[in-house]
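Open the model in your viewer and keep the selection tool at hand. This tour goes from the whole fold to single residues.

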Amino acid sequence: MTNEWKHLLENCKLCPVECGANRLENAGACGVSGLHIAKYYLHPFEEPCISFKNGSGTVFFTGCNLRCAFCQNYEVSRAERGKAITPQELADIFKALEAMGAENVSLVTPSHLIAYLLPAFEIYKPKIPVVYNSSGYEKIDALKRIDPFIDVYLPDMKFYSPTLSKRYLGKENYFDVASEAVEFMANSKPLKMTDDGKMLSGCIVRHLVMPLCTADTKAILKWFKRSLPSDTYLSLMSQYTPFGKIDGMPELSRPITAREYNAALDTADELGITNLFTQERKSSNEKYIPEWDY
Ligand code: SF4
């Protein structure tokens, strides 16, 4: 890696955690020092304009700067799995995904790895759209560095309430940080679609409907409507699946109910949100959890 990016890792403040780890020697609070991946493949189950015909060329990175109690990919996000690669090898993966016919290259949980993504893009910028699939817990100055290489933002917007954010994500300031980051993302990429419905540029905000969180979902949707450009898409997800290590949170031990998801759909309708992706409630199962390769 060139010295240009190394300094970002010596006293790492790339993400809002700002833990200051020297990642040239040790892992930070995100669980990793270097660049690790758990899988890359053609993902068929993203939003239709992202998976489109052949599937989204998804790269799952190891580590995460959030600690979601309900994480469905916890083996990867907690850095229990993954294989170390170099930026050159990541650039080769971009080329391999293109050769496989991927509709785009989608970077999953990339925010703690921006210092490794930048040199990979300098080696090879894919000719297909690049999707930045993030938790939303991001710093604007880090986003500005990676933004020239991104075509589509696919951020989560998880919780509005500081109390819920602290309980479920370990970050009381989640909404304040993520709303600013997502507003940057949505304003950065005007919507462009092909005539047959593939997204070339734009922003899709994902909100996972959670058990007993109807009022919080309503607050998120109101923020979405009043704060983001009208061409931004909302993806209202019903796929919450109790899975993994959820200790001491019995309210998370069940999927959402039809009533909870319908309440979210009704709110979107009342607010006039028409750029909307929805899911069948049967989406709540483990088919959305990939089999990890590394
Ligand atoms: S990216 Fe990782 S090491 Fe850097 S500040 Fe965030 S948690 Fe700490």
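What follows is a list of stops, each with something to select.

**Before you start**

This is a predicted model, in which local features need pLDDT of at least 70, side-chain atom pairs count only at pLDDT 80 or more, and totals for chains, interfaces and linings use all residues. Residues are numbered from 1 along each chain as its sequence is written.

**Stop 1: the whole protein**

Show everything as a cartoon. The protein has ten helices and ten strands. Helices (H or I, at least four residues) and strands (E, at least two) are DSSP runs, numbered from the N terminus. The C-alpha trace spans about 50 × 45 × 35 Å along its principal axes.

How does the radius of gyration agree with a compact globule? For 294 residues such a globule would have a value near 19 Å, and the protein has 18 Å, which agrees. The radius is taken over C-alpha atoms, and the globule rule is 2.2 Å times the number of residues to the power 0.38.

Buried residues make up 43% of the 294 residues. A residue is buried if 20 or more other C-beta atoms lie within 10 Å of its own, exposed if 12 or fewer, and partly exposed in between; C-beta atoms are placed from the backbone.

Now think about contacts. Two residues are in contact if their C-beta atoms, placed from the backbone, lie within 7 Å. Among contacts with a separation of 6 or more, 72% come from residues 24 or more positions apart.

**Stop 2**

Select residues 130-134. This is strand 5, and four of its five residues are buried. Two strands pair if DSSP finds at least two bridges between them. Valine 105 stands opposite valine 130 in strand 5.

From strand 4 the chain passes through helix 5 (residues 114-123) to strand 5, a right-handed β-α-β crossover. Right-handed says that, with the strands pointing away from the viewer, the path from the first strand over the helix to the second runs clockwise.

Asparagine 133 faces leucine 154 in strand 6. Here the chain goes from strand 5 through helix 6 (residues 140-146) to strand 6, and this β-α-β crossover is right-handed.

**Stop 3: leucine 143**

Stay in helix 6 and pick leucine 143. Is leucine 143 buried or exposed? Leucine 143 counts as buried because it has 21 C-beta neighbours inside 10 Å. Leaving out residues up to four places away in sequence, leucine 143 touches Glu138, Ala181 and Phe184.

**Stop 4: the ligand**

Select the ligand and its surroundings. 14 residues surround the ligand; the closest are Cys12, Cys15, Cys19, Gly28 and Cys30. A residue is near a molecule if its C-beta atom, placed from the backbone, lies within 6 Å of it. The shell divides into eight nonpolar, three polar and three charged residues. Ala, Val, Leu, Ile, Met, Phe, Trp, Tyr, Cys and Pro count as nonpolar, Asp, Glu, Lys and Arg as charged, and the others, Gly among them, as polar.

**Stop 5: two positive phi angles**

Most residues other than glycine have a negative phi. Select glutamate 18, where phi is positive, near 45°. Glutamate 18 lies in the loop between helix 1 (3-10) and strand 1 (36-43). With 14 C-beta neighbours inside 10 Å, glutamate 18 counts as partly exposed.

Finish at phenylalanine 52, with a positive phi of about 45°. Phenylalanine 52 sits in the loop between helix 2 (48-51) and strand 2 (56-61). Phenylalanine 52 is partly exposed, with 19 other C-beta atoms within 10 Å.
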